[in-house]
Amino acid sequence: MNDQVPNRFGNRIWTERAVFATVIAGIGIWMGVSQLTKVPHAVLVNGKPLVNVESLGAAKRLLNDARRLNVGNVPGDRVRFHQNVTIRPVGKDAEITDMAEAGRKLGEATTVEAEAYAIVIDRTPIVALADRSDSEQALKLVKENYERKLGGHSAVSTFKEDTHIDKRYVSADKLCESTSDAVRILTSAPNGPTMHTVKLGDRAAKLAIQYKVPLADMKRMNPQADLDHLHEGDQLIMQVAKAPLTVISKIQSSELRNITPPSGLGRYGTIKSGRRQANIVAIYENGEKVSEEIISQVTTWDRPKTQPDQYDGQSDYSDGSRRSKRHWRHYRSQQQ
């Protein structure tokens with residue numbers, strides 16, 4: 001019985017020593033890490049030193065703040081620098097940059113990208129949103145925005161440009177925080193019209209090829225100009241300002257039109273009028289009518305009578321039907 005007491009006492013001593021050793025080791029590790037984090041660190045962009053900050057923690061905060069700037073509600077794990085940005089320790093005598101100034105320099109030297117759902121138009125990302133459903137909703141609202149200009153007519157709308165949604169990294173300036181911001185960008189003309197100052201030797205046909213615009217459109221955009229006789233110094237509109245996305249809407253309708261027959265209508269040359277029932281598809285671009293196409297039609301001509309009918313009280317057939325005097329004379333001659 002007495003032999004067990006010293007053993008219990010000895011076990012307790014060894015346990016206390018182990019705890020004490022663990023505490024001392026933890027303090028040592030903490031002091032080592034503390035000393036390490038207080039070592040000045042340099043931030044490098046594409047391998048070139050940009051700024052020095054007071055510690056490793058300060059460097060990490062600097063990079064995190066720069067990545068989070070202007071990325072809206074995109075999660076942090078989907079944000080990165082376009083450039084190669086790294087951190088490394090430097091000597092204690094390195095010149096330390098103020099954090100605000102370091103942030104400004106880092107912002108000028110780098111581009112922040114975020115993985116988002118971009119609306120890509122003709123292979124160029126125009127805007128991006130954090131969720132695919134938001135991007136899909138933005139495209140739907142763009143169509144509805146222009147369909148409201150069609151006076152309540154039911155329309156089938158598509159996009160003129162190659163348009164799709166793609167999950168990719170885009171620069172922070174392409175990100176939108178809401179669908180309404182995306183719709184505003186997609187329906188606004190970013191710049192004014194493209195102008196050309198006529199130089200000596202310029203010809204309208206040559207300019208049409210240079211700016212990739214049909215000659216007929218040049219005439220429509222410049223009604224005041226004589227495109228056959230250009231003068232040096234004339235200002236011509238070569239391309240009108242337009243939104244990045246074009247919505248084509250088609251409206252099908254039916255209408256009855258009074259028409260005049262063409263000349264030389266064969267044996268019906270004396271026809272003076274007719275009616276045409278036409279099924280028409282009108283085409284609109286961003287709410288403005290650009291053309292219409294007849295997809296089917298039925299024409300009815302009004303044939304004139306060879307001689308006006310004249311009736312008398314005795315000009316009836318035996319079956320009670322009516323006939324004109326001319327027809328009556330023909331009938332009487334057959335009877336005789």
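Modeller: Two strands count as paired if DSSP finds at least two bridges between them. Strands (E, at least two residues) and helices (H or I, at least four) are DSSP runs, numbered from the N terminus. This is a predicted model: local features need pLDDT of at least 70, side-chain atom pairs count only at pLDDT 80 or more, and totals for chains, interfaces and linings use all residues. Residues are numbered from 1 along each chain as its sequence is written, and side-chain values use heavy atoms, with hydrogens and water left out.

Biologist: How do you know that β11 and β12 pair?

Modeller: Strand β11 (residues 247-259) and strand β12 (residues 274-285) are joined by 12 bridges and run antiparallel. The definition asks for at least two, so they are a pair. Within this pairing, S254 stands opposite N279 in β12.

Biologist: What makes β7 and β13 edge strands?

Modeller: The open sheet has four strands in the order β7-β11-β12-β13, with antiparallel pairing. β7 (156-159) and β13 (288-301) each have a single partner strand, so one side of each lacks a neighbour in the sheet.

Biologist: Why are β1 and β4 called paired?

Modeller: Strand β1 (residues 41-45) meets β4 over five bridges in the antiparallel sense. Because at least two are required, the pair qualifies. The bridge partner of L44 in β4 is T86.

Biologist: What does "across" refer to for helix α4, and at what angle to β7 does it run?

Modeller: Helix α4 (residues 132-147) lies across β7 and β11, at about 125 degrees to β7. Contact means heavy atoms within 4.5 Å. Angles run from 0 to 180 degrees between N-to-C directions, with axes fitted to C-alpha atoms, for helices over the stretch in contact.
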